[in-house]
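I would ask you to look at the structure first, and then I shall guide you through it.

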Amino acid sequence: MNELELQKLINAAASGKRPHFFADHDVDRLLAIVWAMAGELAVTRERLDTVERLLSERQLLDRANIDAYRPDATAAEERGRWQIEYIARLLRILQQELDTLQGKSGK
Amino acid sequence: MTDATRLGCAPPWTEAGQHAMSPVATHDDIARFNFLANFNKFMASVVVTGNAIAFKERAAPQWHASHGAPPETRREIRETMREDPYYRMWSSLRRSGMEMRQQAGRTLVLRQMAALRDRARALTAAHPETLRLDPTVSVPRYQSELDNHCMPGSYYAEYLEGDVTAAANYDAGMFATTTGLFGRFLDGAGRGTAEWLRRRRPGWTPTRILDLGAGLGHNSLPIAQAFPEAEIIAVDLSAPMLRYGHARALGMGIQNVTFQQANAESLPFEDGCFDFIFSTMFLHETSHSALRNILGEAKRLLAPGGVQVHLEQPPYRGMGAFEQFLRDWDCQYNNEPFWSALHDTRLPDLMVELGVARDRVFETEIHALVEDEMPKVSTEVEDYGRGGMWYACGYDS
């Protein structure tokens with residue numbers, strides 16, 4: 001199996017009709033792509049975070065070190081917090097809707 | 001909006017328990033799970049709350065205006081909410097999250113499918129007698145028609161002989177999906193069940209135990225550890241789950257579990273040969289007729305003086321229609337076709353129909369028991385269908 005075939009297998013759809021939620025189904029499709037990008041950006045950000053931590057800790061860089069890295073409790077907390085803030089940042093438009101809804105209900 | 005900085009965050013995937021069958025994860029694999037876990041947490045604690053407001057302020061009044069009465073059933077609520085832009089966005093994101101979780105898990109395990117298969121074989125070689133695969137067992141149509149909770153190939157796909165990737169993917173991803181609420185080794189339900197049994201029957205030790213729909217046996221293992229003298233039979237339809245689960249258990253040094261491929265509707269065991277029978281989050285994946293057959297088999301197999309208990313998400317009865325509607329999302333949009341019917345079923349009544357005396361039947365609640373440093377369900381907002389607490393129904397024979 002070559003790389004492309006493996007990626008096709010990884011990306012296989014589950015059987016069953018995929019639901020659409022928006023009146024225009026293209027919106028569902030676009031959102032799925034945007035959200036996949038958001039995920040991959042988080043992946044990149046996390047890698048960078050690791051590189052920075054390793055560099056500051058050891059003053060050197062070795063790719064094997066990156067894969068072996070395990071955050072300590074403090075780092076895990078900071079990284080999780082970043083994820084939450086990042087997600088909140090991306091969902092700005094939804095937050096605005098929620099704020100409006102909460103304003104309406106007097107919350 | 002809730003102040004995001006006040007929210008707890010999900011434990012990183014590196015906190016998930018490592019064992020002999022754990023796939024080798026790169027930094028990117030781990031980061032994908034970390035993103036998904038925190039996304040799930042944010043969705044379940046912040047974003048979901050807007051649905052109730054959208055319903056109250058927009059969808060319900062709209063329905064009322066066009067129908068002359070407020071929406072009353074969960075179906076009416078779904079019909080009107082499907083038109084609401086906030087619910088659409090939440091649902092579309094949630095569905096994308098489910099698919100991305102599969103993609104992340106498959107990215108991790110499929111590239112090393114041969115290595116995982118070989119490792120499972122090597123571990124199994126030490127105790128081949130406790131893995132009983134039966135190639136004559138066929139996957140019933142109700143299981144093969146739809147891939148369970150959007151897992152491509154469901155529990156059954158085999159991409160090479162002896163494949164274990166369906167299980168490896170399930171095992172690796174669930175820590176992220178449940179944000180650690182099931183514990184490091186996903187065994188919180190089993191540990192909770194063992195503790196529940198100790199309290200219900202102090203000093204009692206079962207000798208032969210059956211775990212129905214055990215999957216990779218993640219909840220069989222804490223029962224096996226709680227009763228080290230007992231023989232546990234973990235039954236499932238899926239060979240990949242059993243192969244992987246068997247190797248995983250042996251890698252943890254647990255040897256009193258036999259992983260057996262069989263259809264729980266018709267089991268190859270003698271009447272009354274188990275004194276403790278249980279299942280965890282299994283019944284909602286069975287069709288109406290299969291459910292009857294499975295509970296019938298469980299009744300046949302339970303020894304006098306024994307006990308059986310089945311853990312599930314809470315039934316819909318007694319729940320408000322809006323909560324039912326939210327909990328029903330998985331049935332409509334996450335390939336859980338029997339979810340609604342199971343949660344509308346009165347399991348105690350079904351057990352009585354099958355001949356169990358009413359006064360023997362009980363209903364209770366069982367919570368996940370997890371490591372001290374893992375998040376606890378009581379302090380968490382529940383992501384409907386994924387919280388670490390369960391309705392439990394069973395009976396003493």
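What pattern does chain A follow when read along the sequence? Chain A reads α-α-α-α-α, with five helices and zero strands.

A word on conventions. This is a predicted model, in which local features need pLDDT of at least 70 and side-chain atom pairs count only at pLDDT 80 or more, while totals for chains, interfaces and linings use all residues. Residues are numbered from 1 along each chain as its sequence is written, and chains are lettered from A and ligands numbered from 1 in the order in which they are written.

Let me stay with chain A. Of its 107 residues, 16% are buried. A residue is called buried if 20 or more other C-beta atoms lie within 10 Å of its own, exposed if 12 or fewer do, and partly exposed in between, with C-beta atoms placed from the backbone.

Helix α2(A) has 34 residues, which at 1.5 Å a residue should span 50 Å; its end C-alpha atoms are 50 Å apart, in agreement. That expected span is 1.5 Å times one less than the number of residues. The buried residues of α2(A) are Ala38(A), Gly39(A), Ala42(A), Val43(A), Glu46(A) and Thr50(A).

His20(A) counts as partly exposed because it has 16 C-beta neighbours inside 10 Å. Neighbours within four places in sequence aside, His20(A) is in contact with His25(A) and Asp28(A); contact requires C-beta atoms, placed from the backbone, to lie within 7 Å.

How do the two chains meet? The contact takes 48 residues from chain A and 46 residues from chain B. On the chain B side, the elements giving two or more residues are α1, α2 and α4, and α4(B) provides the largest share, 13 residues. By class, that side of chain B divides into 24 nonpolar, 13 polar and nine charged residues. Here Ala, Val, Leu, Ile, Met, Phe, Trp, Tyr, Cys and Pro count as nonpolar, Asp, Glu, Lys and Arg as charged, and the others, Gly among them, as polar.

Of its 26 residues, 22 are buried, so α4(B) is largely enclosed by the rest of the structure. Its end C-alpha atoms are 37 Å apart, which agrees with the 38 Å that 26 residues should span at 1.5 Å a residue.

I turn now to the domains of chain B. The assignment, which comes from an automatic or database source, gives domain 1 (8-126 + 141-168) and domain 2 (179-396). Their C-alpha centres lie 21 Å apart. Across the boundary, 48 residues of domain 1 of chain B are in contact with 36 residues of domain 2 of chain B. The largest share of the domain 1 side, five residues, comes from α1(B), and that side has 24 nonpolar, 14 polar and ten charged residues.

What lies inside? The largest nonpolar core has 121 residues, and those with the most contacts inside it are Leu212(B), Val235(B), Tyr244(B) and Ile277(B). Such a core is a set of buried Ala, Val, Leu, Ile, Met, Phe, Trp, Tyr and Cys residues joined through C-beta atoms within 7 Å. At least three of its residues come from each of domain 1 and domain 2 of chain B. Residues up to four places away in sequence not counted, Ile277(B) touches Leu210(B), Leu212(B), Ala298(B), Leu301(B), Leu302(B) and Gln308(B).

Strand β5 (residues 274-280) of chain B runs parallel to β6(B), and six bridges join them; strands pair if DSSP finds at least two bridges between them.

Finally, which residue in the loop between α7 and α8 (188-200) of chain B may we examine? It is Thr179(B), which has a positive phi of about 45° although it is not a glycine. With 26 C-beta neighbours inside 10 Å, Thr179(B) counts as buried.

How values were computed. Two residues are in contact if their C-beta atoms, placed from the backbone, lie within 7 Å. Helices (H or I, at least four residues) and strands (E, at least two) are DSSP runs, numbered from the N terminus.
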